[in-house]
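Here is a short report on one protein model. It moves from a loop to a helix, then to the aromatic rings and the chain totals.

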Amino acid sequence: MGRNDSILLVEDSDSLAAVYQAYLADEPAQLTRVASGEAAIRAMTDNPPSVLLLDFKLPDMNGLDVLQWLSGQRFEPVVIMITAHGSIDVAVDAMRLGAIDFLEKPFDGARLQVTVRNAMKLSRLQNLVEGYEADSARSSFQGFIGGSLVMQQVYKMIEAVAPSKATVFITGESGTGKEVCAEAIHKQGPRANKPFIALNCGAIPKELMESEIFGHVKGAFTGAQRERKGAASLADGGTLFLDEIGEMDMDLQTKLLRFVQTGRFQRVGGSAEETVDVRFLCATNRDPWQEVQAGRFREDLYYRLYVVPIHLPPLRDRGQDVLAVGQMLLNQYAKDEGKKFRRFCHDVKLVLSRYQWPGNVRELQNVVRNICVLNDGEQVLVEHLPQNLSAKLDELLPERELSGDLEFEMEQTTEFVIEEEPQQVVRPIQSLWLTEKQAIEQAIDHCDGNIPKAAELLEVSPSTIYRKKQSWEQME
C-alpha cells in the first residue's frame with residue numbers, strides 16, 4: 001500500500017498539539033492530528049501516513065498498544081514516540097515494536113523538525129526499496145527465466161495487457177521468446193481455459209496460408225478431400241497467435257484485415273460466412289513500421305494490429321539472465337541425456353556472459369544441448385564448448401592469453417632477478433562494513449549513480465544496497 005508525504009500526530013493535549021503543529025507548519029507534508037489511540041487506528045486504516053508522531057500516554061490506551069496493532073498491518077509508517085514519562089524500558093519496548101526515534105517532553109521545535117525530516121527521508125527510502133523489491137522479486141514468469149530490470153518491465157506489461165481483449169504486437173529478434181510471451185499473455189488472461197492456437201506465417205507455403213487460417217471446404221482445391229477447420233475456427237473463444245506476420249502475402253493481409261475488424265470470414269472455396277470470438281496476438285522479428293514504409297505490410301493492418309506493442313530484449317541486453325537461463329537449460333538437458341552436469345566453471349560463465357548471442361535464447365539452447373550430448377562431468381569446462389564458441393575464446397577470454405604471456409616472461413627472466421627480502425607492508429585493518437561500503441560506493445560511482453545497474457554488477461538486489469546505505473547512516 002503506497003503512502004503520500006503525510007504525518008499523523010497522536011496527542012491528547014490540545015495545547016501541546018497546537019505547539020507541535022506550529023513547529024511543523026513549514027514542513028512539506030500534510031499534517032493530521034487525532035487525540036486517542038482508537039482515532040489513530042481508524043485514521044491509519046483509512047489513510048496510512050508516512051510518519052506517525054505517537055504520544056505514549058493516551059486517554060484510551062498507550063502508544064505501545066498502537067505499535068502492537070501496527071505490527072500486524074500491511075503498511076509500516078515511520079514511528080516517532082513522544083512521552084513525558086520516558087524511561088529506558090519504554091524506549092526499548094518502543095524500538096522493539098518498530099519505533100525509529102524517541103522524543104522526551106519537553107523538546108524544542110528544532111529537535112522535532114530534524115527528527116521528522118529524518119523520518120520522512122527514511123519513509124521515502126522505504127518506498128523506493130519496496131518498489132525495487134517488487135520489480136526484482138521475480139526471477140521467472142510464465143515460461144520466462146530471468147530477473148533483469150528489462151525483463152521485469154516485460155513481466156509487468158504482460159500482466160497489464162493480459163485482462164484486455166486488445167491486440168498485442170510482439171517484436172524482438174529471432175529466438176527472444178515471442179511465442180513464450182504470447183502464451184504468457186493468454187495464460188494470464190480471462191481466456192486461459194480456452195484454446196491458444198499459434199500459426200507461424202513464415203513456415204507455411206503462401207498458397208496454403210489462407211487455408212491454414214480460415215480452413216477450407218471439400219473440393220476447394222486439389223487434395224482437399226474433406227472439409228477442414230482453420231486456426232480461426234479452432235481459436236474461437238480463445239487466442240490466435242500469428243507469428244512472423246510480416247511474412248504474410250499482401251493479398252491475404254487484406255482478408256486478414258477484414259477478419260480482425262469484424263470477426264467474420266469465409267473458408268477457402270466456401271460461401272457461408274462464419275463468426276468467431278478471437279483475441280489476436282501477432283509477432284515479427286522485423287521492424288513493422290519499416291515493413292509498412294517498404295510496401296511489404298499494409299498500413300491499415302498495421303494500425304489495426306499495433307495496438308499494444310511489447311518488445312522483447314535480446315539476450316545480450318539482459319545482464320546475468322544468460323547464466324540463469326543457461327543453468328536452467330543445463331539442468332534440463334543433463335537430465336534428458338542422463339548426464340552428470342550440475343554447473344558451469346568460472347571461465348565458461350565468463351564466455352556465456354560476454355558472448356553476444358545473435359541467436360538469443362534459441363542459440364543458447366543449442367549450445368547447452370550440444371555440451372550435454374557430447375560431453376559429461378559434474379562441471380562444464382571450456383574444452384566442452386562447441387566450435388562456434390571455442391573459436392572465439394581469445395576474444396571472449398583475453399585474460400587467459402595475457403596470463404600465459406606473463407608466466408612466460410617470468411620464466412625467461414627469473415635467472416636475472418636478484419631476490420631481496422620483501423618488506424612487510426602493514427595496512428590498518430578496517431571494519432568489514434566499511435570495506436563493503438567502499439566497494440558498493442565504487443560500483444555506484446562507476447554506474448554514474450545508477451543503483452540498479454550497480455546492484456546488477458555486484459550481483460545483489462537494489463533493495464540490499466538501499467538497506468546498506470540506511471545502516472551506514474546509523475553507524476557513521
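V217 sits in the loop between β10 (215-216) and β11 (228-229). Helices (H or I, at least four residues) and strands (E, at least two) are DSSP runs, numbered from the N terminus. Contact here means heavy atoms within 4.5 Å. Neighbours within four places in sequence aside, V217 contacts A224, R226, E227, R267, V268, G269 and G270.

The model is predicted: local features need pLDDT of at least 70, side-chain atom pairs count only at pLDDT 80 or more, and totals for chains, interfaces and linings use all residues. Residues are numbered from 1 along each chain as its sequence is written, and side-chain values use heavy atoms, leaving out hydrogens and water.

**Helix α13 and its surroundings**

Helix α13 covers residues 321-337, 17 residues in total. From first C-alpha to last it reaches 24 Å, close to the expected 24 Å. That expected span is 1.5 Å times one less than the number of residues. Which residues of α13 are buried? They are D321, V322, L323, V325, G326, L329, L330, Y333 and A334. Buried means under 20% relative accessible area, exposed over 50%, and partly exposed in between (1.4 Å probe, protein chains only). The cover over these buried residues includes β7 (144-145), α6 (149-161), β17 (343-344), α14 (346-354), α15 (360-374) and β18 (379-380). Just after α13, G338 adopts a positive phi of about 70 degrees.

D321 makes a 2.6 Å polar contact, side chain to side chain, with S148. A polar contact is a pair of N or O atoms within 3.5 Å; within protein, one must be able to donate a hydrogen and the other to accept it, and residues adjacent in sequence count only if both atoms are side-chain atoms. S148 lies in the loop between β7 and α6. Its relative accessibility is 6%, so S148 counts as buried. Beyond four places in sequence, S148 touches R318 and D321. Y333 carries R369 over its ring face, 4.1 Å from the ring centre. For that label, NZ of Lys or CZ of Arg must be within 6 Å of the ring centre and within 35 degrees of the ring normal.

**Aromatic rings**

The structure holds 15 aromatic pairs. Rings of Phe, Tyr and Trp (its six-membered ring) pair if their centres lie within 6.5 Å; planes under 30 degrees apart count as stacked, over 60 as edge-to-face and the rest as tilted. Two of the pairs are tabulated.

| Pair | Centre distance | Plane angle | Class |
|---|---|---|---|
| F196 and F241 | 6.2 Å | 20 degrees | stacked |
| Y355 and W357 | 4.7 Å | 85 degrees | edge-to-face |

F196 belongs to strand β9 (residues 196-200) and F241 to strand β12 (residues 239-243); the pair links distant parts of the chain, 45 residues apart. Both F196 and F241 are buried. Y355 is buried at 9% relative accessibility, and W357 is buried at 1%. One aromatic cluster is formed by F169, W289, Y302, Y303 and Y306.

**Chain totals**

The protein chain has 21 helices and 18 strands. Of its 476 residues, 42% are buried. Among contacts between residues at least 6 apart in sequence, 67% join residues at least 24 apart.
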